Amino acid sequence: MLQSSRSQRLNEKFVLEGFLQGRVAMAGFLLITVLFYLNCGSFVVVISRPADGTTSRRATVALNTALTSTESLFSAGKPNTTEVPTAGFTTRYRKSISKPTTAPESLSEAAGKTTEREEEGPPELAKRSTRGIKVAKKPKTVLKKPKVIGKKPNAAERAKPQVKKRVSQSVATETAPQCPPLGLESLKVKDTQLRASSYKRRGLGPHRGRLNIQSGIEDGDIYDGAWCAQYRDKKQWLEVDARRLTRFTGVILQGRNSIWSWDIVHTYKVQFSNDTLVWKPCMNGTEEAIFEGNQDAETPVLALFNTSTVARYIRINPQSWYQNGTKGDICLRAEVLGCALPDPNSIYPWQTEPTESKDKLDFRHHNYKEMRKLMKSVQEECPDITRIYSIGKSYTGLKLYVMEISDNPGKHELGEPEFRYVAGMHGNEVLGRELLLNLMQYICQEYKWGDQRIVHLVKETRIHLLPSMNPDGYEMAFKKGSELAGWSLGRYSYEGIDMNHNFADLNSVMWTAIELETDRSKLINHYFPIPEQYTTEEAFVASETRAVISWMQNIPFVLGANLHGGELVVTYPYDMTRDWAPREHTPTADESFFRWLAVVYASTNQVMSNHDRRPCHNKDFLRYNNIINGADWHNVPGSMNDFSYLHTNCFEVTVELSCDKFPHASELPIEWENNRESLLTYMEQVHRGIKGVVRDKDTGAGIADAVIKVDDINHHIRSVAEGDYWRLLNPGEYRVTATAEGYFPSSRTCQVMYDHYPTICDFRLTKMPKERLKELLMKGGKLPKDLQLRLRQLRMRKLRVTTKAINRRRAAAAKRAKRV
């Protein structure tokens, strides 16, 4: 330690002399490099950051003066007890004691005023340890005790473990830097930033060593499920280039995702470098630290370094792995945690990717209680255009809250279409949930500020936002945190039901009816009834699914979207193949309009529309312009999209929002920027096509359940209670017919333009005489002249028909008698 201190002083003196001679850039570089190589785990960069995210005056002055005061920036050989957590990151151990820095005052104050003890955020980095924290299959709220694999302490070290342990834990919990992921999982880290000592083939190259990446069905294709080294020895490594000086704080590891192979890394080391030539290991005291890896292929394992380290490059060096005879390969998927150092002098000009949003919204992950408070704060901020209601409860009793936004909330207005967004069907796919919470805040703010686009949307549309269809699953994933929830924890309901397969299978009902019915004109093609066995209490249907079905039946939705995560693509019905094949293009009668809807969202999404982006996992959707028929991707019986199309008037698509199912909180602002225009533009499509009211010609009253048929499109819709209807159509000329029980049909030609408003196409239907006669006789009224004339004509027609029949029978009898 003495020799180390002398070396440090000599190096600091050398740097100061160099700086005084005017060589500022070279001195700063040498200082960082020399101190770094002294001891991997014995120094840190101390840069304080205030709550508003700006660099503190002390750090700014130090950097702008080319590191003239080395004592203020480096602390060689000392524990990092002076480091300040990165602004904006919140763990569940930090309570809500102040409003978020990015939230507007009016919305954040109401959300923050509470006396309840509530979880503030995911605990992915709540504690520091040198051993990974495994994610158990069942949700737990207590993390495992930190442990280091290394040499046992001697007697002197064991003499005072309790005092030292208490101090280190307290310091780590309160002052440990909480750094976000670099972005291997979210693809923020590019393929060119990943290198490896070797790899077996292209499909197992270093670009596949990303947390939660999913493989294809076939092993050996170019989309395999991990990085795998070509050789099986301790010299193999996976390297990440952060592209700038970064304070590394930890690593998360997974095994290989494969149906056919079982490859995991049990233990590993970590090294750091600034030039890729000289590498220094991460230390645990005087020994090189060895971190615990995985015991299975899917559970993410977190290891936080005992002391954070500043460098540009980091290597993961496997030491032991599962060996099945000679077939055990070194394979892993990883994420690296690190905070980029401030760059006031623009040393790294390529780091221009935006990380913030211009909209002042509450960008963080909200658990159930926080979501409820946020929705309430929006309602209090805009009481004239918002209403919160519940459509039911989850299995554990959490309410399924919906935010309604309209100029007349709580009431269906004649001619105003109903729109819905549903998120969180899979509880661990959380981006949709946060986007809908952002959307309700955004609409409230923009409406108050007079944004004409938003004002028009609110006045002409009744919007319903369901941010969490599966709150039970979300709570499970939330407790583990964004990086540790894994690929499937929280996906299912509390009962273990995948709600994406839980709606009634009406596709099979439709196709069976088509096969059995010879006269196609007698087949229905809309409003298929739900099978009786599905409606029984014994049916394996989630309570959340039953609540959503009831919601869909009670409100005449016209258009909707179901927000998911884990890919970047928009899928449209049908989601189920006709012959149960794994993949097969299975279009609806409205194929062209569904493709339009999918293109509208995908083409306005900043990530989907980027042709330079790489595929998320194992399918390149760029080849399909980021849209695909659901059944052509994979077969999904009982999907909400198909059920909505076949049982109601509502057209619905599924939007896969991001490669990362559970993005880190720091990534939420840019995800909002990527999706804001898409969310708004898609909602506006509810006004494309034709709309109108079907009325009784005599009374002018609206006719409910009138069937609206469009020639050449074998899918009808129905009018709602007051007779109004909406038929989504692409621009063009259509022959439309309205029919209703007891009325004569009426047809007319309707022209759909390219404008952002629908074509009005009203119908007035005339009752059949029999129906009118029944009504008049029931009321005791007199028959009008037109009805008397009509009845006389019908009687004469009937008389002529019967006379002709009698004459034919008489003529036939005469012929038979003549023959005899």
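Predicted model: local features only at pLDDT ≥ 70, side-chain atom pairs only at ≥ 80, totals over all residues.
Residues are numbered from 1 along each chain as its sequence is written, and side-chain values use heavy atoms, with hydrogens and water left out.

Student: How many disulfides does the structure hold?
Tutor: A disulfide is a pair of cysteine sulfur atoms within 2.5 Å. By that rule, the number of disulfides in the structure is five.

Student: Numbering the bonded cysteines in sequence order, what is the pairing?
Tutor: The numbering takes in the bonded cysteines of the protein. They run in sequence order, and the pairing is 1-4, 2-3, 5-6, 7-8, 9-10.

Student: How many residues apart in sequence are the parts tied together by Cys 179 and Cys 339?
Tutor: The sulfur atoms of Cys 179 and Cys 339 are 1.8 Å apart, and the two form a disulfide. Helices (H or I, at least four residues) and strands (E, at least two) are DSSP runs, numbered from the N terminus. Cys 179 lies in the loop between helix H7 (161-175) and strand S2 (194-196), and Cys 339 lies in strand S11 (residues 331-340). So the pair ties together parts whose separation in residues is 160.

Student: Is the disulfide of Cys 179 and Cys 339 left-handed or right-handed?
Tutor: Look at the torsion about the S-S bond of Cys 179 and Cys 339. The torsion is about -115°, so the disulfide is left-handed.

Student: Is the disulfide of Cys 382 and Cys 444 right-handed or left-handed?
Tutor: A disulfide joins Cys 382 to Cys 444, with S to S at 1.9 Å. The torsion about their S-S bond is about 85°, so the disulfide is right-handed.

Student: Where does Cys 444 lie?
Tutor: The pair links distant parts of the chain, 62 residues apart. Cys 382 is in the loop between helix H8 (368-381) and strand S12 (386-393). Cys 444 is in helix H9 (residues 431-449).

Student: Is Cys 616 buried or exposed?
Tutor: Buried means under 20% relative accessible area, exposed over 50%, partly exposed in between (1.4 Å probe, protein chains only). Cys 616 has a relative accessible area of 3%, so Cys 616 is buried.

Student: What is the handedness of the link of Cys 616 and Cys 659?
Tutor: A disulfide joins Cys 616 to Cys 659, S to S 1.9 Å. With -60° about the S-S bond, the link is left-handed.
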